[in-house]
Amino acid sequence: MFGYVELIAIILAYVGFLFGIAQLGERSARRGRSWANNPIVYSLGLAVYCTTWTFYGSVGKAAKDGMLWLTIYLGPTLAMALSPWFLQRFVRVKANLRLTSIADFISARYGKSQAVAAVVTLMLVVGIVPYIALQLRAVTGTFALLVHSDQSEAARFISPIVIALMFAFTVMFGIRRLDPTERHPGMMVSISVESVVKLLAFLASGVFVMYTVFGGFGTFLEKLDERMPHPAKFVGVESTTDVITFLTYLLLATAAFMFLPRQFHVSVVENSNPKHVRTASWLVPVYLIAINLFVLPIAVGGLIQSPGGAPDQFVLALPLHGDVHWLTAFVFLGGFSAAVGMLMVETMAMATMVSNHWVLPLIESQPVLWRFRRHLLGARWAAAALMILASYGFEIGIGQSVMLVSMGILSFAAVTQFLPAVLGAFYWRKASRGGALCGLAAGFGVWAYTLFLPTLVRSKWLPETILTEGPAAIAWLKPEALFGLSGLSGLAHGTLWSLAANAVAFVLGTALFPAGAEELRAADEFAGHRATVRADESDIAEVPIAERLPALEKLVGRYHTAADASELVKNAVLDARLDGKELITIAELAELHQAVERSLAGAIGTAAAHTAMDEVRTVSNGKESEALAKAYAKILAALNMAPSELRRRIDYHEEKEALLRGQAAELQAKMDLLDREVEERRRAEQALQELNEQLEGRVAERTRALREAQEKIVDAAHQAGRAEIATSILHNVGNVLNSVNVSLSTVAEVVNRSRLPLLEKTAELLKRHLDDVSAFIKNDPKGKQVPNFVIALSGTLKEEQDKLRHEVELLSKNIEHIKVIISVQQSHAKVSRIMDQVEIEDLVKDALTVNASGIDQARIRVVQEFAPLPRVTIEKHKLLQILVNLVSNAKHAMSAGGGGERVMRVSTRLVDPLTVEVSVQDTGVGIAPENLNKIFQHGFTTRTDGHGFGLHSSAIAATQIHGKLAVHSDGLGKGATFSVTFPVRAVTQSAKPVDSDVDEKSGITTRRVEEVMG
C-alpha cells in the first residue's frame, strides 16, 4: 500500500524529472544541436496517441469486447501506411502556410474562413473535453486504488495537484511564446521520454503477469483456451466480434490518429523535417505492437484473479495484489506519463484554436477591445486553464457513469466528422466553404444527438425515456435507433448517421454555394499545383521598400511588441530575398506581403492573418500605380494570343492587379459563376435560351471591339512615349467596372434565387400522374395546388426574365461606355475631334447612372436641379468623363466623412448666353485651404487609397473642350463644390498652335490656338 504523501512525492519527483529533460531539450535547441530534430524523437512523439486509454482502457476493452481493442491500434497503423497521401501533404501545406492547428488547416483550404475555423474549434471543444476528462479520471482512479481510498475523495485531493502541474508544464514548454508554429523542442523531448516510460512500464506489468499469474507462455495459452470455448467469444463472457462495429472502430481510430488536435500538432506542426515521416511510418506501428503484446495476458489474468474487479485497472491491480512495491509505482508512473503527455499537447493545441478563432475575431470585431490584441498569449493561458477545468467538471458530473474506452471513443467519433472536409480539401477542387460549413454542422449535430446525448441520459442528466421511447414518445427519433434503424451498436449507428449527414450536406452545400476564386486558388495550392509568382524581367523596380515597411510593422505591431514586430518584418524581408534593396518591383512587393502574412499566421492563424493583410494590400501610392500602369500597357501590347493563354497571363499578374483593384479576383470569380449559372439556366428553361445567346454574342462583340481599341491605345502610348494614356484608361474604366460588378452580382442573385427547381419538382409530380392528370389535379391535395403554382411561377419567371434583360442592357451600356472611353483616349493623341449635339441634362443623368451602385451603397441622397438649357455642341465623351469623375469624387468624399446626412446636389445653369456651368456639390470631408491650389495637379490626392489621376485628367479634358474646372470648399468637414464651365457652341481651332500657357492653379500645361466660334 501507498500513503498520500508517499505517492504525491513520487509524482512530484517524476514531474521534476520531466521538467529537467524538457530544459535540456530547450538548451540543445538553442545551441544548434536540437535533440528534437531527430526521426526517433519525432516517432516517439507520435506515440502521444497512446494515452491512459491505451495504458488502462485497452485491457478493459479486451476483457469486455475481445478483439475490438485491436482496432484502436490497427487504425494508426493504417494511417501511417496512408502517410504519402495525407501526413506528408499535411506537412507540405503547413510549411507553406504556417498552419497552427487542424482548425487552421481546414479554414486555410476553404477561403481562410474564420467561420469554418470557429465551427471546427467548437466541435473540438465539445468533443475533446470528455477525452481530457478521461485522463483526469484515470489518474484519480489509480491514485485511489493505490491509497485504498474512495475515488471521489482521491479526486478532491489529487486532481487540483494534477491540474496545477499540467497547467504549469503546458505554459512553460507549450504556450510560452505567441507563435505556436515555432518548434517546442523541450516539449517534444519530454513527450518522447514519457512514451518510453509508459512502454517499459506496460511491458514490465505484462512480463510480471505472464510469469507470476500463469507461470509462462504455455500456461497462458491453456487458460486462454479455457476462456474461449466458442470461436465467437474471445476473453470476456459477453464478447462478440461484429464486422460493422469492428470496421467502425477501425475508421474512427484511423481518423483520430490524423485529426485529434494533439496528433495534428505533433505530427504536422512540430515536424522539423518531412523525411522524419518515413521513419515514423514503420517505427510507430512497431511501438504500437510492442505496447499491446501483453494486453491479452493482463486481461485474462485479471479475469482469473479478480472476476468482479474493474477491467480498466487490471494493469495496476495485478502488481499491487502481488505486493511488488517498485513495480506498482513504476506502472503508476507509466499511466501518469500517458495522461501527462496527452494533457499537455491537447491543452496547448486547443488553447491556440480558442484564442485564434474565438477570442481574436471577437477582439477584431469590437474597436473597444483592440487594445487586447497584444495580450493573446494571456488569452491562451486562460483558454488552457478553462479547458482543463471544464474537463474536470465533466469527469465529476458525467464521466463516472461511462467506461474509460467509451469516453475516448466519443471524442474519436467527433473528430471523424472532419474526414469529408479534409478529403475534399485534397481531392475535390470544387469543394467550397459553404459545403464545408454545411457538412461540419450537419455531422456535428447528428453526432451530438446520436452519441453525446445518450451519454447525458446514462449519466442521469436527462430522462431515460429519450432512449427507450424517443423524444416526446416519437419512436423513429430514438437517438440509438434513428428512423427505425436498429440492430447496430450505438457507436456504429451514430457514426453511420453522422458521417452520412456530413457527406450529403457537404456535397449539397458545395452545389448551392460554389467555390470562389480564393477557394480555387487554395485548392491548387493544397494539390501542389500552384507555382510561385516571379517578377517579369522587364519589370522596373520603382517601389521604395523603406516606405512600405512602417505600414507592415504597424500591422504586425497590433499583435506583437514594437521590437518583435520590427524583427518579424525584417525576417519577412529576408524570406522574400529583398535584403539590401532600396527599390523593388510590384511582384516583389507582393512576395513581401505573402512573407509577412505567413509570419503573422504563425501567431494568429491563417484566416485572421489573411484578413489583416488585406488592409495593406489595397493601399498603393502614385508611383506604384504608375508602375502597374506601365506593366498593364506591356500586357496590352502582347494581347495577340489565344484565350487560354490570356487567362494564364491574367492569373500570373494576379498579385500586381490586386494592388490597384483589390476586388479583381472576386470579379473574375463572379463572372465564372455567372457563366456556369447561365449554362444551367439554358438547360432548365428554354424560354431564356435566346436571351443568353444574345448576351454571349454581345459580350463577345464588345470584347473584340475593346481589344482592338486597346491595341490602338498601346500604339498611341508608344508614339507619345509615356504611359499616361493607359493610366487614364485604368482609372476611367475602373469607375465603370464598379457598375458592371453590381450588375453581375444582381444577375447571379436572380439566378441563385430562381424558382426553377420548384418547376422541375412539379414536372416530376405530373409525370407520375400522366395517366390521370385531370383526376390528380381535381382530387389530390397536391394536384389542386398545381394550377395556382404554375400561374404564380409564370409571373415570377417573367419578373426574373425582365430583371435579367434590364441588367444585360445595363451591362451592354457600360461596356459600350468603356469602348468609348478608350476611343476618346485614342483620339486624344490625334488632331481630329468628334463633335456631338447633346442635352446636358441627359449627359448628367448618364454620369449618375455610371456611379449608381456606389451611390446606393453609400446611402447618398441625390438632388438634381436642372435649368432650361439649349442643346450644346461639344465633344460629348470628354464632358461625360469629367462629370463621371466629379460624381465619383463626391461619392468618395461623403463615404469617408462622418455620420451626418449625405446629400449630393447636381445642378446646371446658363452663366451667359454662350456659357454653360455644371456643378456637383457634396456634404463630405471638405478640402483644406492649402490644398485648393494643388487639387488638380498630377498625382495629388487627399484620399489614402487615391492616386491623383481623376481630377488631373478631368482638368486636362476641360481645357481641351475650351472650358474650365474649378473647386470651392469652406474647409475640412464642410463639403466641396466642383464646377465645370464650357461654351454652348464648339470652338474650332486651327492646326497650328500659337503659344503655350501654364495654369498656376491646376499645374496643367495647355496649348493656346487660334479660335473662332463654330
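Trainee: Which residues in helix 19 and helix 22 meet each other?

Mentor: In this predicted model, Pro420, Ala421 and Gly424 of helix 19 meet Leu499, Asn502, Ala503 and Phe506 of helix 22. The residues of this contact divide into five nonpolar, two polar and no charged.

Trainee: Why are helix 19 and helix 22 called oblique to each other?

Mentor: Helix 19 (residues 419-427) and helix 22 (residues 490-512) pack at an angle of about 40 degrees, with their axes 9 Å apart. Angles under 35 degrees would count as roughly parallel and those from 65 to 115 as roughly perpendicular, and the two helices are therefore classed as oblique.

Trainee: What makes threonine 279 count as buried?

Mentor: Threonine 279, which lies in helix 13 (residues 276-291), has a relative accessibility of 17%. Buried means under 20%, so threonine 279 counts as buried. Leaving aside neighbours within four places in sequence, threonine 279 is in contact with Pro39, Ile40 and Ser43.

Trainee: How do you know that serine 58 is buried?

Mentor: The relative accessible area of serine 58 is 2%, to be set against the limit of under 20%, and serine 58 is therefore buried. Serine 58 belongs to helix 3 (residues 52-65), and, with neighbours within four places in sequence left aside, its contacts are Trp53, Trp69, Tyr73 and Val295.

Trainee: What makes helix 2 mostly covered, and what covers its buried residues?

Mentor: Six of the eight residues of helix 2 (residues 39-46) are buried, namely Val41, Tyr42, Ser43, Leu44, Gly45 and Leu46. What covers them includes helix 4 (68-81), helix 5 (87-97), helix 9 (185-212), helix 11 (243-259), helix 12 and helix 13.

Trainee: Why is helix 12 described as largely enclosed by the rest of the structure?

Mentor: In helix 12 (residues 261-269), nine of the nine residues are buried, so the helix is largely enclosed. Among these buried residues are Arg262, Gln263 and His265, as well as Phe264, Val266 and Val268.

Trainee: Which residues have the most contacts inside the largest nonpolar core?

Mentor: That core has 160 residues, and those with the most contacts inside it are Phe105, Ile106, Phe259, Phe412 and Phe418. Its largest share, 18 residues, comes from helix 16 (residues 325-365). Phenylalanine 418, not counting residues up to four places away in sequence, touches Ile102, Ile106, Val120, Met123, Leu124, Phe259 and Leu440. Apart from this core lies another, of 43 residues, among them Leu848, Val884, Leu951 and Leu965.

Trainee: What makes strand 4 and strand 8 the edges of their sheet?

Mentor: Five strands form this open sheet, in the order 4-6-7-9-8 and with mixed pairing. Strand 4 (861-866) and strand 8 (964-968) each have a single partner strand, so one side of each is left without a neighbour in the sheet. On average, neighbouring strands of the sheet are turned by 15 degrees against each other, direction ignored.

Trainee: How do you know that strand 4 pairs with strand 6, and strand 8 with strand 9?

Mentor: Pairing requires at least two bridges. Six bridges join strand 4 to strand 6 (residues 903-912), and these two run parallel, with threonine 908 in strand 6 as the bridge partner of phenylalanine 866. Five bridges join strand 8 to strand 9, which run antiparallel, and here the bridge partner of valine 967 is phenylalanine 978 in strand 9.

Trainee: Which residues of strand 8 form its covered face, and which its uncovered one?

Mentor: Leu965 and Val967 form the covered face, whereas Lys964, Ala966 and His968 form the uncovered one. In a regular strand the side chains alternate between the two faces of the sheet.

Trainee: Which strands does helix 40 touch where it packs on the sheet?

Mentor: Helix 40 (residues 950-960) touches strand 8 and strand 9, and its direction makes about 135 degrees with that of strand 8.

Trainee: How many helices and strands does the chain have, and what percentage of its residues is buried?

Mentor: The secondary structure comes to 40 helices and eleven strands, and buried residues make up 53% of the 1014 residues in the chain.

Conventions: Residues numbered from 1 in each chain as written. Predicted model: local features only at pLDDT ≥ 70, side-chain atom pairs only at ≥ 80, totals over all residues. Heavy atoms only, no water. Axes fitted to C-alpha atoms, helices over the stretch in contact; angles between N-to-C directions. Helix = DSSP H or I, 4+ residues; strand = E, 2+ residues; numbered from the N terminus. Parallel < 35°, antiparallel > 145°, perpendicular 65-115°, else oblique. Contact = heavy atoms within 4.5 Å. Nonpolar A, V, L, I, M, F, W, Y, C, P; charged D, E, K, R; others polar. Core = buried A, V, L, I, M, F, W, Y, C linked by side-chain atoms within 4.5 Å. Buried < 20%, exposed > 50% of the residue type's maximum accessible area, 1.4 Å probe, protein only.
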